[in-house]
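Subject: Structure handover

Hello,

I am passing on the structure we spoke about, together with some notes on it. Please look through it before reading on.

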Amino acid sequence: SFFRFIFWTSVVGTMNEMLKSLDWVMDYVDDVWGNAPAYVRVPALAVVGLAVGVALNTGSVLTRRFRTSADLNDIFFLSRARILVRVLSVRSPSMLVVSHKPLLRAAWTPEKGGRPEANTILVQLAGLKALEGDSDAAVQHVRSLVLGSTVDLRLLRKEPRGAVHGMVRYGWPIRFRNLNVNLIRDGYAFHSASELTSRWDPLMARAEAFARGRGAGLWATRRK
């Protein structure tokens with residue numbers, strides 16, 4: 001499309017400018033340290049290479065979209081990295097279908113064509129399990145909070161079949177709220193402690209006690 005052509009033209013133009021800048025830096029290093037001993041020139045070139053690598057990696061992160069969980073390397077989960085995603089649908093109170101949204105690129109949506117399974121990530125909300133009861137009410141509650149919104153996803157673990165376990169914060173970019181914790185506090189899920197969520201387990205436990213105490217959400221039907 002025309003907009004795609006404009007986008008890639010701008011990317012190519014940016015890369016050309018970066019290469020020109022690299023030539024200028026290399027000339028500068030040669031002029032300044034050309035007559036310097038090797039123990040000075042080698043670290044200088046290493047610093048330049050590192051700076052260029054960081055710049056190229058940053059550009060890739062800002063524009064590259066991870067189509068499925070298969071594109072997410074293990075390092076993302078080991079470091080518990082955070083990415084922005086757009087919530088496309090709510091499969092269950094604890095399961096979301098999302099599309100990765102880089103900072104400088106729009107997320108994939110069904111209107112853009114293509115198969116959803118080839119462009120989406122399945123997210124299992126960590127640290128909770130849905131309460132038995134009116135599942136439709138629970139799903140509607142989750143939809144009212146995040147459907148169609150851009151949210152912050154902290155990556156915790158990837159299942160062999162492709163689902164991603166994570167913590168979701170909504171309200172981006174003004175005021176972040178923890179979806180996992182709020183679903184428990186609102187009475188639509190109960191806390192399920194695990195090693196993945198040890199950092200948030202105390203908060204989730206208090207949220208469940210609060211929901212039980214006031215009969216929030218589906219806890220109201222369990223009181224009867």
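This is a predicted model: local features need pLDDT of at least 70, side-chain atom pairs count only at pLDDT 80 or more; totals for chains, interfaces and linings use all residues.

Strands

Strand β1 (residues 82–92) has two partners described here. With strand β2 (residues 95–100), β1 runs antiparallel and is joined by six bridges. The two form a hairpin, and two residues lie between them. Within this pairing, Val87 has Val98 in β2 as its bridge partner. Strand β5 (residues 150–158) also pairs with β1 in the antiparallel sense, over five bridges. Here Leu84 stands opposite Asp152 in β5.

Salt bridges

The count of salt bridges comes to five. One of them is between the side chains of Arg82 and Asp152, at 3.1 Å from N to O. This pair links distant parts of the chain, since Arg82 is in strand β1 and Asp152 in strand β5, 70 residues apart. Asp152 also forms a salt bridge with Arg169, where the closest N and O atoms are 3.6 Å apart. That pair too links distant parts of the chain: Arg169 belongs to strand β6 and Asp152 to strand β5, with 17 residues separating them.

Asp152 counts as buried, because its relative accessibility of 5% is under 20%. Arg82, at 41%, counts as partly exposed, and Arg169, at 25%, is also partly exposed.

Another salt bridge joins Glu208 and Arg212, with the closest N and O atoms 2.9 Å apart. Both residues lie in helix α6 (residues 201–214), four residues apart, which is about one turn of the helix. Glu208 is buried at 13% relative accessibility, whereas Arg212 is partly exposed at 44%.

Surface patch

Leu103, Leu104, Trp172 and Phe176 make a nonpolar surface patch of about 380 Å². Trp172 is in the loop between β6 (164–170) and β7 (177–178), and is partly exposed at 33% relative accessibility.

Two further residues

Arg80 sits in the loop between α3 (74–78) and β1. Its phi is near 55°, a positive value in a residue other than glycine. The relative accessible area of Arg80 is 26%, so this residue is partly exposed.

Gln124 is part of strand β3 (residues 121–125) and is buried, with a relative accessible area of 17%. Apart from neighbours within four places in sequence, Gln124 contacts Ser94, Met95, Val164, His165 and Gly166.

Regards

How values were computed
Residues are numbered from 1 along each chain as its sequence is written. Side-chain values use heavy atoms; hydrogens and water are left out. Buried means under 20% relative accessible area, exposed over 50%, partly exposed in between (1.4 Å probe, protein chains only). Contact means heavy atoms within 4.5 Å. Two strands pair if DSSP finds at least two bridges between them. Patches are made of residues with over 30% relative accessible area and no salt bridge: like charges are joined within 9 Å, nonpolar side chains (Val, Leu, Ile, Met, Phe, Trp, Tyr) within 5 Å. Accessible areas come from the Shrake-Rupley method with a 1.4 Å probe; for residues, only the protein chains shown count as cover. A salt bridge is a side-chain nitrogen of Lys or Arg within 4 Å of a carboxyl oxygen of Asp or Glu.
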